[in-house]
Amino acid sequence: MSVVVFAEQWEGRFKKTTFEAVSYGRRVADMLGVSTVAVVIGSLEDDPSELASYGASKVVHFSEDSFNSFDSSAFASALKEVAVAEGARSVILSGTSNGKSVVPSMAIQWEAAPITNVAALPDSVDPMTVKRGAFSSKGYVTYTTSEQKTVLCFIPNAIGAVEFPGAASVEEGSVSAEARVRVKGVDRATGSVPLPEAELVVSGGRGLKGPENWGLIEELAQLLGAGTACSKPVSDMHWRPHSEHVGQTGIAINPNLYIAVGISGAIQHLAGVSNSKVIVVINSDSEAPFFKAADYGVVGDAFSVLPQLTEAVKRFKQG
Ligand SMILES: Cc1cc2nc3c(=O)[nH]c(=O)nc-3n(C[C@H](O)[C@H](O)[C@H](O)COP(=O)(O)OP(=O)(O)OC[C@H]3O[C@@H](n4cnc5c(N)ncnc54)[C@H](O)[C@@H]3O)c2cc1C
């Protein structure tokens, strides 16, 4: 018996959330009293046995070239094959865009109960009872299923990675299903820190008045090593690329720190950022709705507050 974890890689390197997924899987496995098997799909530069440090006792690696393009159905087939071979009780995925698109196919192929948006470790594993975000993460519900087999997809950065001692065996996987998707080209998002993985994000809204003022956001983001994001109108007006648009109709992010500058805090914006651990709001209007969701708020003009904040960070970094 086991818990199987989808250990995602990007261009051969493990994603940060993979370590969180494996250690989440290990903690569920410990609750069930079973082992943890990580499944890596696609070519890998990193050492697969690295996953032992996060609790995997076995790594199954599907390295065939056909798996180098993401195909949700074929990836689900590979995971299902391992789940069946290992007598899995649960399959764990991180709620990345790839993880989320594998879940439905995985649950159907393996005939298991899917639970997405998982926000914590299970309260119980028999029956599986787990807290999940609901209503665009404005609230939480606790789900219980009588199904023995479950597919759990957690909110990235909601749980955190934990290290475990031990070693892992590595096996080559083989699967009858072949990936049918071939990627012909990739348009890369601009910005040095990919938003879905960013631990810190500096974000601007219409309060910044125009694209010519984004240097203020970029300078602070660069100093902090943060990703840059924006509200929907900002990307609709082509002040910033659509890849930076966060919210209900944009990317949902889960950073440790979200700094929102000149953003009103509309419900559709909050839907994509409210899982941030700490929210700092800078807005000239003390009545802006975003202040209700903020951990820290600065009522002030962005064009005066941002340079002061940037200078303060510079001074702090200089010791
Ligand atoms: C179906 C639907 C889906 C949507 N999806 C999204 C989504 O995914 N993401 C999203 O962001 N929006 C989304 N929206 C739009 C959303 O409702 C808001 O209109 C949008 O978030 C507002 O963007 P904003 O806060 O940048 O602009 P505004 O609402 O114009 O707010 C600008 C803010 O800047 C402040 N400000 C002005 N000048 C300064 C200054 N000098 N210094 C500091 N602060 C200043 C103002 O006080 C104000 O609070 C959606 C809307 C709909 C109907």
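User: How much space lies in the largest cavity, and what makes it a cavity?

Analyst: In this predicted model, about 100 Å³ of space lies in the largest cavity. A cavity is a place where a 1.4 Å probe fits but cannot get out, and the count of those of 30 Å³ or more comes to 2.

User: Which residues line the largest cavity, and how do they divide by class?

Analyst: Its lining is made up of Lys16, Thr17, Glu20, Pro156, Asn157, Pro196, Glu197, Ala198, Glu199, Asn254 and Pro255. These divide into 4 nonpolar, 3 polar and 4 charged residues.

User: Where does the ligand sit?

Analyst: The ligand sits in the second largest pocket, and that wording is used because more than half of the atoms of a molecule must lie within 2 Å of the grid points of a pocket. The elements giving two or more residues to the shell around the ligand are α5 (232-236), α6 (267-273) and α8 (302-317).

User: Which residues come nearest to the ligand, and what classes make up the shell?

Analyst: Of the 26 residues around the ligand, Ser231, Thr249, Ser264, Gln268 and Asn283 come nearest, while the shell as a whole has 6 nonpolar, 15 polar and 5 charged residues.

Key:
Residues are numbered from 1 along each chain as its sequence is written. This is a predicted model: local features need pLDDT of at least 70, side-chain atom pairs count only at pLDDT 80 or more; totals for chains, interfaces and linings use all residues. Side-chain values use heavy atoms; hydrogens and water are left out. A residue is near a molecule or strand if one of its heavy atoms lies within 4 Å of it. On a 1 Å grid over the protein atoms alone, a cavity is a set of points where a 1.4 Å probe fits but cannot get out, and a pocket is an open set with protein on both sides within 12 Å along at least five of seven lines; lining residues have an atom within 4 Å of a point. Helices (H or I, at least four residues) and strands (E, at least two) are DSSP runs, numbered from the N terminus. Ala, Val, Leu, Ile, Met, Phe, Trp, Tyr, Cys and Pro count as nonpolar, Asp, Glu, Lys and Arg as charged, and the others, Gly among them, as polar. Grid points are joined across faces, edges and corners, and a volume is the space filled by probe spheres set on the points.
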